[in-house]
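Me: I have just opened this structure for the first time. Could you walk me through it?

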Amino acid sequence: MPEPSGRPKTIPFLEKVDADLTEVVRLKGCSYCAEGKLHRADYKRKPRGVPSWPDEPKRFSLCCNQEGCRRRHTPPSVRFLGRRVYGGVVALLIPAMMHGLKPERVVQIRKVLDLKIDRRTLERWRQWWLGLFVESTFWKEARARFMPPLCPKTLPLSLCLSFALEDRRDRLLELLRFLSPITTPAAWQELVM
Ligand SMILES: [Zn+2]
């Protein structure tokens, strides 16, 4: 059933996941000083390449409360993919669909995928998966977990299939969690397009 605002249902759900990931970081306290406690200091980010995103979503973020430190901690996210802030779901699934992931099997996220995204953006995403992502430290370490090894030439489809995304839609969350370490600013530096 469509919601009054037309807001895709997936987004509030992913927001909750991001809130959980944020809480994990918050409970650890400041990683720069010993006694700092972290409090929420979210900021708004408009996802690029996602024209019909209902309103600017907040990237959850944390700040140390100690005078003289006040360092920002940006937790991993399943909604954002890096500094350029594409919707993580969209940047993952649309290129995968172009490679042949069956969209009708990904029922839960169909609304999010019902977006007008131009060819150039799609091509950029594809190049990103095949280039910077494949070369990243994250992937070089993470790919060892996959047996048989994933085909790097059909990313992100090969990744989606290995998470059995076509059979079980709840695996999408697992896949986004798997990718979430690359969404923190430090990790993203080597992944900037
Ligand atoms: Zn601190």
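Me: In what order do the three strands of the open sheet run, and is the pairing parallel or antiparallel?
Reply: The order is S1-S4-S5, and the pairing is antiparallel. Strands here are DSSP runs of E with at least two residues, and helices are runs of H or I with at least four, both numbered from the N terminus. Two strands pair if DSSP finds at least two bridges between them. The model is a predicted one, in which local features need pLDDT of at least 70 and side-chain atom pairs count only at pLDDT 80 or more, while totals for chains, interfaces and linings use all residues. Residues are numbered from 1 along each chain as its sequence is written, and side-chain values use heavy atoms, with hydrogens and water left out.

Me: Which strands stand at the edges?
Reply: Strand S1 (38-40) and strand S5 (72-73) do; each has a single partner strand, so one side of each is left without a neighbour in the sheet.

Me: How many bridges join S1 and S4?
Reply: Three bridges link S1 to strand S4 (residues 62-64) in the antiparallel sense. In one of the contacts between strands, leucine 38 has cysteine 64 of S4 as its bridge partner.

Me: Now the metal. Which residues are the protein donors of the zinc ion?
Reply: They are Cys30 (SG), Cys33 (SG), Cys64 (SG) and Cys69 (SG), lying 2.3 Å from the zinc ion. Donors are N, O and S atoms within 2.8 Å of the metal (3.2 Å for Na, K and Ca); water is not among the atoms, so sites may look incomplete. In sequence, the spacing of the donor residues is C-x2-C-x30-C-x4-C.

Me: Why is the arrangement of the four donor atoms tetrahedral?
Reply: The donor atoms subtend angles of 107 to 112 degrees around the zinc ion, which makes the arrangement tetrahedral. Four donors count as such if all angles lie between 85 and 135 degrees.

Me: Is cysteine 30 buried or exposed?
Reply: Cysteine 30 is buried, at 9% relative accessibility. Buried means under 20% relative accessible area, exposed over 50%, and partly exposed in between (1.4 Å probe, protein chains only). Cysteine 33 is buried at 18%, and cysteine 69 is buried at 19%.

How values were computed
Tetrahedral: all angles 85-135°; square planar, octahedral: opposite > 155°, others 65-115°.
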